[in-house]
Amino acid sequence: MDSILVRGNGPVTGDIEIAGAKNACLTLMPATLLSEEPLTLTNAPRLSDIKTMTALLTSLGAEISSLQEGKVLTMSSHADLNPVADYEIVRKMRASNLVLGPLLARLGHAVVSLPGGCAIGARPMDLHTTALEALGAEIELKDGYLHATTRGGLKGAVHKMRFPSVGATENFVMAASLAKGTSVLENAAREPEIVDLVACLKKMGAQIEGEGTDRIEIQGVDRLHGATHPVVTDRIELGTFMLAPAICGGEVTCLGGKLSLVESFVTKLNEAGIEVTESARGLTVKRTGDRVKSVNVTTEPFPGFPTDLQAQMMALLCTATGTSVLEETIFENRFMHAPELIRMGAQIEVHGGHATVHGVERLKGAQVMATDLRASVSLILAGLAAEGETVVSRVYHLDRGYEFVEKKLSGIGAHIERIKA
Ligand SMILES: CC(=O)N[C@H]1[C@@H](OP(=O)(O)OP(=O)(O)OC[C@H]2O[C@@H](n3ccc(=O)[nH]c3=O)[C@H](O)[C@@H]2O)O[C@H](CO)[C@@H](O)[C@@H]1O
Ligand SMILES: C=C(OP(=O)(O)O)C(=O)O
């Protein structure tokens, strides 16, 4: 397994290009199952998760070509589709569950392996199944697979979720696009990736209103057609790279970055003493002072502070002046980077969903292990702020969500290299 070697760094400067969003691409790709006509995505990120979704959709009968070094994906689901999403692929990636709604809508039945828990939490599927049941699906768990059927197709309905789940919102919206009549989802998730999915579905002929609010209304149509759609900018990759100058000092412009994607995150960066300015090119981040100030952070559904930036923010706060408290409200086990940061000299106490970080002047390089995707990049960021060398092992997690990370960070002057296994 590859590792990443990072050396403590001086200030970073320059431009860094932000890719299309993993979490948008992973819901846009299954939308191909909703139509017989081709769906083309541009600005796709080059990630192992995208390869996993490609393998899953191919196993279901979709034809996918990857063009322009993976930046363009053309997909077509005109063939007879296979309704079974096999455990061997689904177990690799939680987002595989996003084929459930589209398969059900297109075929009237689907058999999708339960994705199971993962390092950051149990991540059940009840919000997905109850949302699809509201549309008339009958869903049963047998041998580790969700067996979903409809009698006479999906029917529009009003459904309120107990929590604004991102994935359940996406499955509901995709399924309801081909249901008979009007559907309303209340307490819907509002993430930009959902707005992006709806923008694409509308290009395919879907009739949807309210995306980006907590009430989405969908008027079902008989069929959807082909479309071409650019994947929205990855706000998590954006936030991650914005932290490089915040941690090392310097000035970096994240090309394509938009304030509207990362507002709550930028509020916290500003509180910590980091300057962020928006221009037509992107977001420019500058750290002028010596050390950042401590800030308290609570993760929340969008537009709140994203859980997917909590680990990286913790890396920054390890060297802040004073004490910060990070509260994780989305996932029950998302502080696994804390013991690794402690190996680097950080002073962190974790109690349930709270982590208290007492800032130290400097971290020290160490051998650390990546436990999940965002944890891995938080250790790289911490390594850039540390004295000496840090080796982050198990970086296959990193490759799920960050394309060419060594190249992108070296481009702004970071000392980082991959050690091939
Ligand atoms: C591919 C993708 O887009 N992944 C993102 C998506 O994951 P994902 O769509 O899985 O996240 P959800 O919004 O569904 O999960 C949020 C919370 O709801 C719980 N829950 C979810 C579904 C369910 O049926 N029952 C239930 O209890 C989860 O365990 C979790 O505690 O949103 C998360 C929250 O912003 C991000 O961290 C992930 O990066
Ligand atoms: C948790 C994440 O992804 P996934 O939902 O695909 O596991 C993430 O992107 O940080």
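Predicted model: local features only at pLDDT ≥ 70, side-chain atom pairs only at ≥ 80, totals over all residues.
**Ligand 1.** I counted 23 residues around the ligand, and Asn23, Leu127, Ser165, Val166 and Gly167 come nearest. Next I checked which elements give two or more residues to this shell: they are helix H1 (22–28), helix H5 (126–134) and helix H6 (166–177). By class, I get 12 nonpolar, six polar and five charged residues in the shell around ligand 1.

**H8 against H10.** Then I looked up a helix pair, H8 (residues 235–248) and H10 (residues 310–317). Their axes come within 10 Å and cross at roughly 0°. Angles under 35 degrees count as roughly parallel, so I put H8 and H10 down as roughly parallel to each other. For the contact itself, I noted Gly239, Thr240, Leu243, Ala246 and Ile247 on the H8 side. Across from them, H10 brings in Gln312, Ala315 and Leu316. I sorted the residues of this H8–H10 contact by class and found five nonpolar, three polar and no charged.

**The four-stranded sheet.** On to a sheet. I traced an open one of four strands, in the order S4-S5-S3-S14, and its pairing is mixed. At the edges I find S4 (63–67) and S14 (227–230), each of which pairs on one side only. From one strand to the next, the twist averages 15°. I also wanted the details of one pairing, and picked S3 (residues 39–42) with S14. These two run parallel and are joined by four bridges. Within that pairing, I see Thr42 standing opposite Pro230 of S14.

**Thr323.** Last, I went to a single residue. Thr323 belongs to strand S19 (residues 323–327). Leaving out residues up to four places away in sequence, I asked which residues Thr323 touches. I found Ser294, Thr356, Val357 and His358. I also looked at Gln347, which sits 24 residues from Thr323 along the chain; the C-alpha atoms of the two are separated by 9.6 Å.

Notes
Residues numbered from 1 in each chain as written. Chains lettered and ligands numbered in written order. Pairing = 2+ DSSP bridges. Axes fitted to C-alpha atoms, helices over the stretch in contact; angles between N-to-C directions. Contact = placed C-beta atoms within 7 Å. Parallel < 35°, antiparallel > 145°, perpendicular 65-115°, else oblique. Nonpolar A, V, L, I, M, F, W, Y, C, P; charged D, E, K, R; others polar. Near = placed C-beta within 6 Å.
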